Amino acid sequence: MVIKPKGGFGGIGGEYVKPTALANVRALKQRLNPSIEIIGTGGILTGRDAYEHLLCGASMLQVGTQLEKEGLGVFDRLTKELLAILESKGYASIAEFKGKLGTLD
């Protein structure tokens with residue numbers, strides 16, 4: 001039997017990994033030195049997905065599966081969708097909400 005790729009760490013992507021990806025971004029942001037920037041990756045198909053990664057604390061985003069499906073045009077679409085969300089929420093910049101995910105206690 002062979003496990004691929006990357007020794008069993010990899011090979012799954014897209015919307016299936018988004019809940020785990022968001023949890024990991026948040027957990028890393030809470031536990032690491034604040035100067036360490038987090039790359040949000042996993043399940044970014046829409047501007048809403050990008051917004052959620054940033055809200056959890058990501059400073060940068062990586063798009064893989066959707067890039068493969070849609071091509072380079074995905075970046076223009078995601079940018080437009082993300083900007084529409086910022087406008088609808090009254091944000092002037094990502095810095096206003098980045099890492100500010102609230103929790104229910």
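Student: What should I know before I start?

Tutor: The model is predicted, so local features need pLDDT of at least 70 and side-chain atom pairs count only at pLDDT 80 or more, while totals for chains, interfaces and linings use all residues. Residues are numbered from 1 along each chain as its sequence is written, and side-chain values use heavy atoms, with hydrogens and water left out.

Student: How much space lies in the largest pocket?

Tutor: On a 1 Å grid over the protein atoms alone, a pocket is an open set of points where a 1.4 Å probe fits, with protein on both sides within 12 Å along at least five of seven lines; lining residues have an atom within 4 Å of a point. Volume is the space filled by probe spheres set on the points, which are joined across faces, edges and corners. Here the largest pocket holds about 280 Å³. Its lining has 15 residues, and Ile12, Gly13, Val17, Thr41 and Gly42 lie nearest the centre.

Student: Which residues line the second largest pocket?

Tutor: Among them are Ile44, Ala50, Leu61 and Phe75. This pocket has a volume of about 150 Å³. Helices (H or I, at least four residues) and strands (E, at least two) are DSSP runs, numbered from the N terminus. Helix H4 (73-89) gives the most to this lining, with four residues.

Student: Why does Ala50 count as buried?

Tutor: Buried means under 20% relative accessible area, exposed over 50%, partly exposed in between (1.4 Å probe, protein chains only). Ala50 counts as buried because its relative accessibility is 4%. Ala50 lies in helix H2. Contact means heavy atoms within 4.5 Å; leaving aside neighbours within four places in sequence, Ala50 is in contact with Ile44 and Leu61.

Student: Which residues form the largest nonpolar core?

Tutor: A nonpolar core is a set of buried Ala, Val, Leu, Ile, Met, Phe, Trp, Tyr and Cys residues joined through side-chain atoms within 4.5 Å. In this structure the largest one has seven: Tyr51, Leu54, Leu55, Leu82, Ile85, Leu86 and Phe97. H2 and H4 each supply at least two residues of this core.
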